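I opened this entry to log what I looked up, item by item. Sequence and model first, then my notes.

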Amino acid sequence: MEQLKIPEHVAIILDGNGRWAKAHNLPRKMGHAEGCKTVERTVEDAARLRIKYLTVYGFSTENWKRSEEEVGALMQLFRYYMKRLLKIAKVNNVRVKMIGERSRFAPDIVEGINCLEEETKENTGLTFVIAVNYGSRDEIRRAVQRIAAEVADGTIDPQSITEEVIANHLDTAGIPDPDLLIRTSGEIRLSNYLLWQCAYTEIYITDIYWPDFNKEELVKAIENYNKRDRRFGGRNQK
């Protein structure tokens with residue numbers, strides 16, 4: 001592993017929980033449960049690999065359109081694994097941050113999110129970012145609203161709005177853009193995930209369903225990333 005250049009920030013679209021369950025003749029909620037276990041392992045693996053930032057797509061704004069039963073099961077899983085994640089974060093010196101619009105969640109879930117962030121804010125290892133009730137277009141919309149409000153009250157001059165100003169109003173303010181985006185289950189699309197942040201991100205697609213993702217697959221993605229000839233505006237960044 002010493003010869004590998006480890007990306008500073010890895011983002012993952014956790015796809016294939018339902019298909020994994022179907023392939024094993026199990027209910028969909030079991031796929032999500034196994035997916036949560038994979039998240040736990042991946043956080044620990046990323047911390048050991050010395051990845052500085054790991055961002056996962058936990059629950060999108062579009063996921064509310066799923067059946068009431070499935071959404072309810074996801075919320076229960078979320079409640080359970082927030083407690084598990086707090087223990088894992090403490091053991092592995094992980095700082096947890098949530099991005100997305102959390103106000104739509106039940107009060108106890110919002111309290112749990114706030115607790116996770118508060119209890120881990122002094123940790124100095126991996127920063128684990130979970131996108132919940134997150135959609136990139138919604139994130140950009142909310143950022144534009146905040147900027148517009150600051151323009152209206154005279155805090156910001158419209159002519160001084162730069163890319164940096166916009167980035168600083170996004171949910172990910174203070175977090176570097178992802179170097180590598182991994183998507184499991186073979187789908188080739190961004191699904192409204194980190195659209196602004198992934199402008200120059202390297203993308204790696206694997207056919208593995210998320211519950212089957214492991215350290216070996218993570219290392220494969222990093223090895224593939226190491227083979228990329230990264231260029232920005234014609235300038236080699238490898």
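Is E187 buried, partly exposed or exposed, going by its relative accessibility? I looked it up: E187 has 23% relative accessibility, so it counts as partly exposed. The cut-offs I used are under 20% relative accessible area for buried, over 50% for exposed, and partly exposed in between, with a 1.4 Å probe and protein chains only.

**Ground rules.** I am working on a predicted model, where local features need pLDDT of at least 70, side-chain atom pairs count only at pLDDT 80 or more, and totals for chains, interfaces and linings use all residues. Residues are numbered from 1 along each chain as its sequence is written, and side-chain values use heavy atoms, with hydrogens and water left out.

**Salt bridges around E187.** I took a salt bridge as a side-chain nitrogen of Lys or Arg within 4 Å of a carboxyl oxygen of Asp or Glu. That rule gives 17 salt bridges. E187 pairs with R19, with 3.0 Å between the closest N and O atoms. I checked where the two sit: E187 is in the loop between β5 (180–183) and β6, R19 is in helix α1 (residues 17–23), and 168 residues separate them. R19 has a relative accessible area of 32%, so I noted it as partly exposed. E187 also forms a salt bridge with R189, at 2.8 Å between the closest N and O atoms. R189, at 47% relative accessibility, is partly exposed too. Shared partners join D15, R19, R183, E187 and R189 into one network of salt bridges.

**A helix-to-helix pair.** Next I looked up R28 and E70, whose side chains form a salt bridge at 3.0 Å, N to O. R28 lies in helix α2 (residues 28–48) and E70 in helix α3 (residues 68–92), so the pair ties together parts 42 residues apart in sequence.

I counted seven helices and eight strands in the protein chain. These are DSSP runs, numbered from the N terminus: helices are H or I with at least four residues, strands are E with at least two. Six strands make an open sheet with parallel pairing, in the order β3-β4-β2-β1-β5-β6. Which strands stand at the edges? They are β3 (95–99) and β6 (202–205); each has a single partner strand, so one side of each is left without a neighbour in the sheet. Pairing here needs at least two DSSP bridges between two strands. I then picked β2 (residues 53–60) and β4 (residues 127–134), which run parallel and are joined by seven bridges. Within that pair, T55 has V129 in β4 as its bridge partner.

**Whole chain.** The radius of gyration, taken over C-alpha atoms, is 18 Å. The globule rule is 2.2 Å times the number of residues to the power 0.38. For 238 residues a compact globule would come near 18 Å, so the chain agrees. Along the principal axes, the C-alpha atoms fill a box of roughly 60 × 45 × 35 Å. I also noted that buried residues make up 48% of the 238.
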